[in-house]
Amino acid sequence: MTKNISLLGSTGSIGTQSLDVCRMHGYNVKCLTASSRVDVIEQQIREFKPELVCMMNENAAKELKTRVADTSVKVVSGMEGLIECAVYDGADTVLNSVVGMVGLEPTLAAIRAKKTIALANKETLVAGGHLVTRLAEENGVSILPVDSEHSAIFQALQGSPSKQAVKKIILTASGGPFFGKKLSELENVTAADALKHPNWDMGTKITIDSATMMNKGLEFIEAKWLFDMPNEDIEIVVHRESVIHSAIVYQDNSMIAQLGVPDMRIPIQYALTYPERKPSPVKELSLADYAKLTFNEPDYDTFKCINVCKEAIELGGLHPAAANGANEESVKLFLNGKIKFTDIAYLNYEAMKNAPEKQDFTLDDVLAADKAARNYVLESVK
């Protein structure tokens, strides 16, 4: 069946790689969205000919309308426009690759519209996991993971006879650019230092999250919601080569892992072609080229952001939303030279602990907790 895709976040790293997959397999790209990169999305419009496009930035939307006035595309803006793309009648699959909390509302809207969700926006499940999974179940909607780690687990689970057969999940982590460093050595690192990821080509925010290992903490929470596993049955292992993308352990202690070169087009494609396997634009993995693969325990004393996320999901309720909101704000501050790298984990933790205790929450509660956490970080820095 020909897929009709609504791609949220088309100009970022995941978005452009998603279009590589759509191009290769001839999928129809019905909707595109971006924040403000008018030049890039104009090129995408002229190649893929979507019917609806959203720019989050209103001025960017006005400029884009002028530039593509010779086409039939409709240009909308803001959160309202983003949701319009998420529920667009002509699309059957919504690939959500926007960065940050902005991805939550369109995901919920797409689920209500009974779209298949290919999810690369981890904040959706971190902040609103309870809401998202419950709504997906009520609407019979599949959530197919695009994160390389969660896709690897999802792929490994295809051979599982039952959920009870699974003993635990192993999330692999690259360790980022500061693997092996101690906390005292990270006091004065710069944004340029933190953006030098050893294996992956990712956007700025996700690359900083990889450097603090907050990314792995957020993925821990995401795995909890996607696979419904107890916290104690999710293990993090540092694997520098990023060849084993994650694994599961069965009750008989057999381990099944998914391997591949570090290229996001593999998990993107699997989410779009599932349950089929098709030729990929990614090169084949040669184990001989790597010669050896290494594994280490995470350094929880240095990379405290993992602990922030583990405690947040243990506390439950709105604590994960607060941890995520605080992190988005503290990463911006670090990138702008306003705080030190080592301040990120501290600010995230304090804001997370400050979240209201509320286990049964609404979308409004999540948005309020997110806003309060951001304000807490900004006030603390003042």
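Visitor: Which residues in α13 meet α15?
Guide: This is a predicted model. In α13, Cys305, Val308, Glu311, Ala312 and Leu315 make the contact. On the α15 side they meet Ile344, Ala345, Asn348, Tyr349, Met352 and Lys353.

Visitor: How do the residues of that contact divide into nonpolar, polar and charged?
Guide: Eight are nonpolar, one is polar and two are charged.

Visitor: And at roughly what angle do the axes cross?
Guide: Roughly 10 degrees, and the axes come within 9 Å. Angles under 35 degrees count as roughly parallel, so α13 is roughly parallel to α15.

Visitor: Switching to the core. Which residues touch the most other members of the largest nonpolar one?
Guide: Leu64 and Phe341, out of 84 residues in that core.

Visitor: What does Phe341 touch?
Guide: Leaving out residues up to four places away in sequence, Phe341 touches Phe178, Leu186, Val189, Ala194, Ala211, Thr212 and Phe334. There is also a second, separate core of 30 residues. Leu82, Leu119, Ala136 and Phe361 are among them.

Visitor: Aromatics next. How many aromatic pairs does the structure hold?
Guide: Five. One of them is Tyr270 with Tyr274, edge-to-face. Their centres are 5.6 Å apart, with 75 degrees between the planes.

Visitor: Why does Tyr270 count as buried?
Guide: Because its relative accessibility is 6%, and buried means under 20%.

Visitor: What about Tyr274?
Guide: Tyr274 has 29% relative accessibility, so Tyr274 counts as partly exposed.

Terms used:
Residues numbered from 1 in each chain as written. Predicted model: local features only at pLDDT ≥ 70, side-chain atom pairs only at ≥ 80, totals over all residues. Heavy atoms only, no water. Phe/Tyr/Trp six-rings, centres within 6.5 Å; stacked < 30°, edge-to-face > 60°. Buried < 20%, exposed > 50% of the residue type's maximum accessible area, 1.4 Å probe, protein only. Axes fitted to C-alpha atoms, helices over the stretch in contact; angles between N-to-C directions. Helix = DSSP H or I, 4+ residues; strand = E, 2+ residues; numbered from the N terminus. Parallel < 35°, antiparallel > 145°, perpendicular 65-115°, else oblique. Contact = heavy atoms within 4.5 Å. Nonpolar A, V, L, I, M, F, W, Y, C, P; charged D, E, K, R; others polar. Core = buried A, V, L, I, M, F, W, Y, C linked by side-chain atoms within 4.5 Å.
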